[in-house]
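Reader: Could you walk me through how to read the features of this model? I'd like the general idea of each, then the case at hand.

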Amino acid sequence: MRLSFVPIYKRELRAYFQNPGVYVTLAIFLGVSSLFIFSHVNAFADLCMRRQMMQQQFGMQPLNFTEFVVKGSFGLISFLLIFVVPLLTMRLFAEEKKTGTFELLSTCPVTDWGMVIGKYLAAVTILVVFFILSLVYPVTFGLVGEAEWPIVMTSYLALLLLGMAYVALGLFASSLTQNQIIAAVVTFFALLAFFFVGDLGIGRASGLDKVLGGFSLLKHSDPMIQGTIKSEDVAYFVLFSAGFLFLTNYVLESRRWRV
């Protein structure tokens, strides 16, 4: 590939920072996730007050801040990304096809893999910027409660791996069409299906739900949000991302042959 993705990466990154929609998406991400965390902290404070009254009478244990607020907040943010990522990936190839610049790129000394990797890394970089800006949340956790920082770090790892998987699928969906709305809708529903596939109760009697659970994004990210890193979960996300990147490259190669 000889770093042929670098020009594409720089081009896409520049396009992201010049796109007002990215800043709107960032505002939505930070605003909604802040509401999630604020509601969790408020609920935790209310329950703590009630619990203190009952502790004296029944000897109940105090609530765990990490269990109630930290894990719950990161779990909701991982679901919120299903709405955010399609907005970031829908234009990656769909816009190129609609404007006709895809054919121009095809004549440049850039391989199909160069286009795929360059666009993928640019979208992941923007997502990492989102996560960096969200570091205000752990700071908030430290101010209002006793957060367990190893769990905060594994939760961010879960968000990063989830985000990379989401972007790979979104890139694939964008390569299938020249309509950005269609690309976003396909990405959203595909991510929704992969997220909940293990909780649909399909084939419960035959044990098929266990097989489907192996494909669930939620099943593989939840242990990390709970503070446990398993090699099979990390491998799942790597294979998930690589699989959709290979499919995207296949779509580009097939289009080049048709042209």
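Author: Some ground rules. This is a predicted model, where local features need pLDDT of at least 70, side-chain atom pairs count only at pLDDT 80 or more, and totals for chains, interfaces and linings use all residues. Residues are numbered from 1 along each chain as its sequence is written, and side-chain values use heavy atoms, with hydrogens and water left out.

Reader: Fine. How many helices and strands does the protein have?

Author: Helices (H or I, at least four residues) and strands (E, at least two) are DSSP runs, numbered from the N terminus. Here you get 12 helices and zero strands.

Reader: And what share of the residues is buried?

Author: Buried means under 20% relative accessible area, exposed over 50%, and partly exposed in between, with a 1.4 Å probe and protein chains only. In this protein, 44% of the 259 residues are buried. As for the accessible surface, the areas come from the Shrake-Rupley method with a 1.4 Å probe, and for residues only the protein chains shown count as cover. The total is about 13300 Å², and 69% of that belongs to carbon and sulfur atoms.

Reader: At what angle do helix α1 and helix α6 pack?

Author: Axes are lines fitted to C-alpha atoms, for helices over the stretch in contact, and angles run from 0 to 180 degrees between N-to-C directions. Helix α1 (residues 5-17) meets helix α6 (residues 112-133) at about 40°, with the axes 8 Å apart. That makes α1 oblique to α6; angles under 35 degrees count as roughly parallel, over 145 as roughly antiparallel, 65 to 115 as roughly perpendicular and the rest as oblique.

Reader: Which residue classes make up that contact?

Author: Ala, Val, Leu, Ile, Met, Phe, Trp, Tyr, Cys and Pro count as nonpolar, Asp, Glu, Lys and Arg as charged, and the others, Gly among them, as polar. The α1 contact with α6 has 12 nonpolar, three polar and three charged residues.

Reader: Can we zoom in on single residues there?

Author: Leu13 sits in α1 and counts as buried at 16% relative accessibility. Leaving aside neighbours within four places in sequence, Leu13 is in contact with Ala122, Thr125 and Ile126. On the other helix, Ala123 is in α6, buried at 0% relative accessibility. Not counting residues up to four places away in sequence, Ala123 touches Tyr16, Leu92 and Val167. Ala123 and Met164 are 41 residues apart in sequence, with 8.7 Å between their C-alpha atoms.

Reader: How does helix α8 pack with helix α9?

Author: Helix α8 (residues 149-175) and helix α9 (residues 180-196) pack at about 140°, their axes 9 Å apart. So α8 is oblique to α9. Tyr166, Leu169, Gly170, Ala173 and Ser174 of α8 meet a set in α9 including Ala183, Val186 and Phe195.

Reader: Last one: is Met224 buried or exposed?

Author: Buried, with a relative accessible area of 0%. Met224 lies in helix α11 (residues 217-225). Not counting residues up to four places away in sequence, its contacts include Thr154, Leu161, Ile229 and Phe237. The C-alpha atoms of Met224 and Tyr156 are 8.7 Å apart, across 68 residues of chain.

Methods
Contact = heavy atoms within 4.5 Å.
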